[in-house]
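Subject: The two-chain model for you to look at

Hi there,

Here is the structure I promised to pass on. Please have a look at it first, and then read my notes below.

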Amino acid sequence: MAYFTAFILAIISGMLINNVLLSRFYGICSFVGVSNKLKNAFWMGVAVVVVIVLAALICYPLYMLLDAAGISFLRTVVFILVIASLVQFLSFVIKKYSPTLYKAFGIYLPLITTNCAVLGVVEENAASHAADFGAAMANALGTSLGYLVVIVLFSAVRARLETNNVPRAFKGLPIALIVAAIMAMAFTGMKGMA
Amino acid sequence: MEKKTRSVHAESFLAPIWKANPLFVLILGTCPALATTTSIEAALGMGLLFTFVLVCSNVLISALRKVIPDEVHVPAYIVIIATFVSVVEMFTKAYLPPLYSSLGVFISLLVVNCIVLGRAEAFANKNTVLDSLLDGLGNGIGYTIALLILGACREILGTGEITFGSKFAFIPLTHLPILKGEGFDFSMPIFTTPAGAFIVFGIVMAVIAAVNNHKADVEKEKARQERLAAAKAKNAAAASAGKEAK
Amino acid sequence: MNETTKKYLLCAGVLAGLGVLSATVLAGVNMLTAPVIEANEKAATAAAYKVFNEKLGADSESEEITVFPEEMDATGIEFYVEAKKGDAVVGRIFSVSGKNSYGAIKALIAFDNDGKLVYTSLLENGQTRDGFKTYIDGINADPTSVGQLEGFGATYGTNTFYALYAKAQAIAVKLGGGVAIDPAAIAAAIYGSSDNIETVAKTVTDAAVELSYYSRYTDDSKAEEAARIYLGSYKENDQKIVAAVALSGANSFDGAYIVSYSDESVTTHATGTTFAATELEDFKADALAAKVYDSAAAAIAKSPLLTLASKAMALYPNATSVSEVVNINKTTDTRPEVDAGTSLIISSWNVLNKDSEVIGTVYRAKTELKKEPDESNNDYRQVHGYIDWMIGFFGESNDNPSLTKIYTIKNTFTMGDALNANFIEKWNQSEVKDFNTFKAMSNDEVKVSESGSIGATYSTHGMVDTLKEELTLYVSIKEAI
């Protein structure tokens, strides 16, 4: 039971306290680019969750194998190939079963390959040797859910920003970044939680 | 008067340094820009590593562009880039451990850096090795400059002083007090936090946007004046022609 | 071969070739850099050990030892290193590793032979948070703060660290020949019971020996100390004693217990010996034990036991002694109305002046309230908790006796701070303090549910009701005299 609470705690910590976007800075490119419409942002986040969890699931035993064989220096190459194939496979599946969803994603689906969050989570799991499988998966879940939360929040805010009177120089990206700064400050407030 | 056209070589080198700066204009590679710019040294280190990876991958991909079939170019590029990144990571871990522990996982994340992949797709597989080399250098320098600007703002405002020698251990450790020194401390630590990274980046982007807006306004005004002058001249010509006709 | 197979072959070939090339290059670089990396790590740990050795006064350390004493929980402890000065072991440095919410914590913790923390430093903390580093620095500055785990950014990490610390310390104590201090066991040995014994020791400053004490309370409200078990540690001429001396007053010896004594030839004071309250002279027969006793007696003389009797006495300026009233009729009042609670008068003291005349009577009561919101009456107030308080009566009048200040033992009301600020402090500063004033200040006449002001509250009404009970008791006893 204690293990279970530790698991949930790790998820919450990855999600809120050490938030992937606002505190660790993974996935910023997609963050500033895609999040304008709430619906798109939500599905993008969901896709990222799926990819990160699957990638972590696959790469954890792979890394154990590499480490045992002493060739852990090959891990970056292996990880990124796994991720790229995973995204390729996923887009194939989505295209087949829901062409509308595929269209909605557009180019953002293949772009998940270059999303730092995916590789970042997988590398983190590899780097912390003491992490067991549960911790690795908690990290993956927490990170990806954190990404989803922030990206949805951010797109809602950005939608409002569009209609507001923003000084000319700040229009578009700069004001979005300032808003992200405020969100980052808000999230640091959760530090004492766990 | 026509501007002298620069050679393609020079253009591919110079353009990305400022006009087409990968971070500030194309808005690519933002993850490391926010995460590793807590100090000037870290930013410089990241920029140099990035440049190395970009140049090597550009050169190799360009050299192999006729050999790699189009269907498998994505995994091929990935393997090439990942190899260089792993090499760089291992060397950094061995010879510059403080830099390694400060940059952490972001060295590995160079693999998915949009700039590296982007330049490979957009440029290196279509151009000669020399051009790809110059393009890589240009982008690398441009990105490093951008990182340095962010890093300088964050370090000076956040810690009040510039520290040399903490990441590059072969430089003796020196502190240059600017906002913080004996008896006074105007540093604002928020700038070393993630929130501060967003703020600095946002403000720098806003400043650039303001400068560009101003330039665009000046251009527009100039064009308007020219059109006005042309219209006036036309009227004057028509009037004088009309006068003569009378 | 047709075009498509040629294409496939080419693709496969290119990919395979690239793969092989990549693997070769990486293997080569790895061979080159791996030894350098290892050397770096060794240098880093060597540097870390250097700091520890300085703190311990050692000049060399042994190899890593991974064999731990049997039956000791050593999960998370990777190895320990004996820090030696010449041939003697002066301390042990433990390398511990555990899980943080996001990564691993690796730390080095050094204990001396007595199991006292000497120094600790982090080797690696996945994404170091400042809060955790503050905690570590705090421990190095003040080793007693290791148990204070509140208020840091990475409390999951600090909890993990504390668990590892405790395990390492237990092993260090066992290996170093020290003995674990268990206040409950000591209390059981001296008093026959380990109830109401404080688990955290309080250090005594400027004592002749290393001294700390565990309070023993009268009941589990922990309001009063019944006695203190002083734990003294003293070293002289290569002999060391750690002894527990129980005192319930400056000249009141309850017993003693030898936690450890290094000279095994002294059989009277061997480890584990208990001395009864009558055996003070026997205890003091040994010079080291006597030193511990004197130190403890001096400490308790300097800062006497925290008793309610002394607090009761403090309410009267002319008091010189108190005597507890035994067989007090502890009234329980169970009024089921919503704006009252259970008043319980717990104890009472008669306060005497230097001529042994009773100048007043102090009552200690526990006013408890369990009031829930009553929506049908638009009364949304909810008051839970109790106040454990003392007040003294004096003077001639039976209808309107004079009252002393209020001494609050414990206040757990939901709006306890407001009660304190708006009523108790005002009362204590008021010029006139008598029964009628108390009723007025607590707005006894005003019904709480109709009052809009802060003055009339359920808690003040509860206190007034308690006071009325006390008055009844006071008058009845006075008239009986």
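Helices (H or I, at least four residues) and strands (E, at least two) are DSSP runs, numbered from the N terminus. With that in hand, chain B has eight helices and four strands. Along its sequence the order is α-α-α-α-α-α-α-β-β-β-β-α. Chain A, by contrast, has nine helices and zero strands.

Please keep in mind that this is a predicted model, where local features need pLDDT of at least 70 and side-chain atom pairs count only at pLDDT 80 or more, while totals for chains, interfaces and linings use all residues. Residues are numbered from 1 along each chain as its sequence is written, chains are lettered from A and ligands numbered from 1 in the order in which they are written, and side-chain values use heavy atoms, leaving out hydrogens and water.

How confident is the predictor in chain A? Its mean pLDDT (the predictor's confidence in each residue, from 0 to 100) is 79, and 89% of the residues in chain A reach 70 or more. Within chain A, helix 4 has the highest confidence, at a mean of 87, and helix 2 the lowest, at 70.

Next, the inside of each chain. A residue is buried at under 20% relative accessible area, exposed at over 50%, and partly exposed in between (1.4 Å probe, protein chains only). Chain A has 194 residues, 55% of them buried; for the 246 residues of chain B the buried share is 48%.

Now to where the chains meet. Contact means heavy atoms within 4.5 Å, and 35 residues from chain A and 37 residues from chain B take part. Together the chains bury about 3,000 Å², with 81% of that on carbon and sulfur atoms. Buried area here is the accessible area (1.4 Å probe) that two parts lose on being put together, summed over both. On the chain A side, Phe25(A), Arg168(A) and Leu177(A) lose the most area to chain B, together 20% of what that side buries.

Which residues form the salt bridge between the chains? Arg75(A) pairs with Glu89(B), and their closest N and O atoms are 2.9 Å apart. The term means a side-chain nitrogen of Lys or Arg within 4 Å of a carboxyl oxygen of Asp or Glu. Between chain A and chain B the count is one. As for helices, helix 9 of chain A gives the most to the side that touches chain B, with eight residues.

Enjoy exploring!
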